[in-house]
Amino acid sequence: MTALLEAHAVGYAYRTGQPVLHDVSFAINAGESLGLVGESGAGKTTLLKLLLGLAVPSTGEIFSQGARFDARNRAQLRSYRRLTQAVFQDPYSSLDPRQSVEQIIAEPLRSLGIARGRVELKGLVAAALLAVGLPPNAATRYPHEFSGGQRQRIAIARAIVPNPRVLLADEPVSALDVTTRVKIIDLLADLSSGGTPERPPMTLVLVSHDLGVVASLCQNIVVLESGRIAEQGPTHSVLSAPQHAYTQRLLASVTRLPGA
Amino acid sequence: MSTSEHGPNLNGPHKSGLHVNGLTIRGPQGQLLVDGLSFALSPGERMGLIGESGSGKSLTALAIIGLLPADLTVNGSIRWDETEVVGASERSLNSWRGRCAAVVFQEPLTALDPLMRLGQQLAEPVQRRARADGTKLGRQALDRALHAAVLEVRLPDPERILRAYPHEISGGQRQRMALAIALAGRPALLIADEPTTALDETIQSEILDLLDGLVRQRSMALLFISHDLAVVSRVATRAVVLRAGIAVETGTMTNLLSDPQHSYTQELIASARQLDRALDWGTTP
C-alpha cells in the first residue's frame, strides 16, 4: 500500500540556527491516524510545518501518495492542499473576526476552486456545519458570537469542507476546557473513523503534548525528543511497554485522577 | 465597596486562617462575575479551587490578595486572621501581602521583571521580611539567605541563577524562581493560580512535588487554583468547584471524586476519566 504521507530521513535547520530535526522517518497510511508527541522544543511544530508545506526539509524528503512533494512547486502545493487541511491550537486567532462563518468555511472551496456557484457552495458549507454539530444558522453569524469549543468546531468545518484525506491538527484541544475537550475529541474520532458516502474518513496527524489525547485518537505514535525520534509504533504497544527512557518519563509524569 | 460585619471569632484571635464570606464581584457594567462565594481555609490546610474558563477562580485569587482591577466592584468579606482585605487601603495591603499571603501565577514571565537580575528580585521580599521581623541583614547574611532560597526550590548553581535575567533561564526554572520569591516573605498562605499549566508535563510533575513538599514542610495554608482535577487532587485535601461564579459543590477531594453530587462536578470527572481511560487502553490493550 502506498502511504498517504511519508517522511523520509527528514532534517530541518532554521536559517540562523542548529538543526531542530534530525533523520525523521515515518509513514502515514490511510485510516491509521498518527500522533506526534514530545515536549516543547522537541520539533513537533517544525515537523508539522514541513507536512503543511510551509517549509521545505533541509535534508531528506516528504512523499505524498508516493510522489515526492516539493512545496516550492505551486501546482504541487495546490493539489497537496486538496489532500491535507489543518486545524490549529487557538480558535481565537485562527478565525478572521470580520468574516461570517459561511465565508470562513467556504474559503478553502474558493481558493481550491472546488465549488462552482453560490448554491453549491452554500450546500457544502451547510453539510460541513452539520458534520461538526453546529446549527445551520451558524453560517450567517460571526466568530465572536461563539465559545472556544464552538470556534474550534468552525475551524474543523473549514478544514473538512474540501474533503481532505489527511487532517493535520496542531494541539487542537489544548486551549479548551476539559469538558469541551472531550467533545471535540469525540468529534475528531467520528470524522476519522466513520465517514459517509459524501465524506470519506480522514486520517489524522495530531501534534500534541498530551498523551491522553493521542491515545484517544491515534493508532500510531511517534515520540520526538530534541528533534529526533525516540520511539515509534502502534500507540497501545508504545504506551503499554515504552522502550525508550524518554517515553517512560513522559508517561510517568502524566497526572491522573486517583481511584477509578 | 462594602464590608460585612462578622460575629465573634471562635477560633481564637490570631490564627483563624482565611474566611471568605459572600464574596461577590461585579464587572464594569454590573455583570456578576463571582456570586456569593463563601469558604474557609484553616491554617496549614491545602484546598483547591476548581473551575473552567469564566468560572471566576482567578478573580477570586486576585480578590483574596487585594489585586483586583479597579473597575471591578467587590462585596462581601475576605478575612485572613484579623485582617479584612475587602475595602482595605493599598498601604495596609502592601505590608500584608508577601508577609501573610503570596501568589504564584500561571505565567512566571508576568511575575518576574525582565530587566532585573533574579537575585535582586529575590532580595526584595527577603529584606522586607527581615525588616518586618526587626532584623537587619548585612551583605553576607543576605547572600546566604538568597542562596538558601534558590537551593530550597531545587535550582542548581545559585550563583549563576542569581546573576541571571529571567529570559536566561528555562520556563520551569522561572516558575521555581517565582515560587522562591513568593516564599521569601514566609507567608502563612500561598495562593497558586494554575502554576503548572504552562509547563511541559514532566516539569509540571516536578513543580507539583516541590510545591507540595514546601507547603507541608512549612505548614502553610495553600489555595490551589486550577481547571485540572487531577492536578488539584495531587496537592489539595479539599476543594470548591466553581462554575460561572457560583460554588456548585464543596467537599473533601476523596468525596468529590468518589461521590460527586452536582451534575457539573460529575461531568468534569467523567471528562478527565475519559482521557485517563484512553491512556489505560494503551497500557492494557
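Predicted model: local features only at pLDDT ≥ 70, side-chain atom pairs only at ≥ 80, totals over all residues.
**Helix H5 of chain B**

- Helix H5 of chain B comprises the 14 residues 139-152, which at 1.5 Å a residue should span 20 Å, and this agrees with the 20 Å that separates its end C-alpha atoms.
- The buried residues of H5(B) are Leu146(B), Ala149(B) and Val150(B); because they cover an arc of only 95 degrees around the axis, they lie on the same side of H5(B).
- An α-helix has 3.6 residues a turn, so residues three or four places apart point the same way.
- Gln140(B), Arg144(B) and Ala148(B), in contrast, are exposed on the other side of H5(B).
- The cover over the buried residues of H5(B) includes three helices of chain B, namely H4 (118-133), H6 (158-163) and H7 (171-184).

**Overall form of chain A**

- Chain A contains nine helices and ten strands, and its C-alpha atoms fill a box of roughly 55 × 50 × 40 Å when taken along the principal axes.
- For 260 residues, a compact globule would have a radius of gyration near 18 Å, and the 18 Å computed for chain A agrees with this expectation.
- Of the 260 residues in chain A, 43% are buried.
- Among the contacts in chain A with a separation of 6 or more, 65% are accounted for by residues 24 or more positions apart.

Key. Residues numbered from 1 in each chain as written. Chains lettered and ligands numbered in written order. Helix = DSSP H or I, 4+ residues; strand = E, 2+ residues; numbered from the N terminus. Expected span 1.5 Å × (residues − 1). Buried ≥ 20, exposed ≤ 12 C-beta atoms within 10 Å, placed from the backbone. Arc of directions from axis to C-beta. Contact = placed C-beta atoms within 7 Å. Rg over C-alpha atoms; globule rule 2.2 N^0.38 Å.
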